[in-house]
Amino acid sequence: MGKIIVFLIIIGVVYYMFRPNKKIKKDNDENEFVQCEKCKTFVLKKDAKFKNGKYYCRECDADS
């Protein structure tokens, strides 16, 4: 009985070490800051609007 428990523990440790990593790394794009082309303020890339190859903040995007 003790050998079975030791064997199961070893199998568990080996599985834990070599298991596939299920965490998908998120792109760091959402935490990256970009500069608004019009007012030159820095905003999060996820909050900025991308037009004609340039980034704009919400306020400047509403003005155009």
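A salt bridge is a side-chain nitrogen of Lys or Arg within 4 Å of a carboxyl oxygen of Asp or Glu. The exercises below use this definition and others on a predicted model.

**Exercise 1. Find how many helices and strands the protein has, and in which pattern they follow one another.**

Solution. Step one is the count: there are two helices and four strands. Step two is the order along the sequence, which reads α-β-β-β-β-α. Step three looks at helix α1, which covers residues 2-18 and has 17 residues. From its first C-alpha to its last, α1 reaches 25 Å, close to the 24 Å expected at 1.5 Å a residue.

**Exercise 2. Decide whether helix α1 is largely in the open or covered, using the number of its residues that are buried.**

Solution. A residue counts as buried under 20% relative accessible area. Of the 17 residues of α1, the number buried is zero, so the helix lies largely in the open. For the protein as a whole, 12% of the 64 residues count as buried. The protein exposes about 6100 Å², and carbon and sulfur atoms supply 59% of that area.

**Exercise 3. State how many salt bridges the whole structure has, and describe each pair.**

Solution. The search finds two salt bridges. Side chains of opposite charge can pair when their charged atoms come close.

- One joins Lys40 and Glu37, with the closest N and O atoms 4.0 Å apart. Lys40 is partly exposed at 45% relative accessibility, and Glu37 is partly exposed at 34%.
- Another joins the side chains of Asp47 and Arg58, at 3.5 Å from N to O. This pair links distant parts of the chain, eleven residues apart: Asp47 is in the loop between β2 (42-44) and β3 (49-51), while Arg58 is in helix α2. Asp47 is partly exposed, with a relative accessible area of 30%, whereas Arg58 is exposed, at 55%.

**Exercise 4. Locate Cys57, decide whether it is buried or exposed, and list what it touches.**

Solution. Begin with the place: Cys57 is found in the loop between β4 (54-56) and α2 (58-63). Next comes the accessibility. The value for Cys57 is 2%, so this residue counts as buried. Then come the contacts: leaving aside residues up to four places away in sequence, Cys57 touches Cys36, Cys39, Thr41 and Val43.

**Exercise 5. Name the residues of the largest nonpolar core.**

Solution. In soluble globular proteins, nonpolar side chains tend to be buried together. Here the largest nonpolar core has seven residues: Val34, Cys36, Val43, Ala48, Tyr56, Cys57 and Cys60. Cys60 touches Cys36, Lys38 and Cys39, again not counting residues up to four places away in sequence.

How values were computed. Residues are numbered from 1 along each chain as its sequence is written. This is a predicted model: local features need pLDDT of at least 70, side-chain atom pairs count only at pLDDT 80 or more; totals for chains, interfaces and linings use all residues. Side-chain values use heavy atoms; hydrogens and water are left out. Buried means under 20% relative accessible area, exposed over 50%, partly exposed in between (1.4 Å probe, protein chains only). Contact means heavy atoms within 4.5 Å. A nonpolar core is a set of buried Ala, Val, Leu, Ile, Met, Phe, Trp, Tyr and Cys residues joined through side-chain atoms within 4.5 Å. Accessible areas come from the Shrake-Rupley method with a 1.4 Å probe; for residues, only the protein chains shown count as cover. The expected span of a helix is 1.5 Å times one less than its number of residues.
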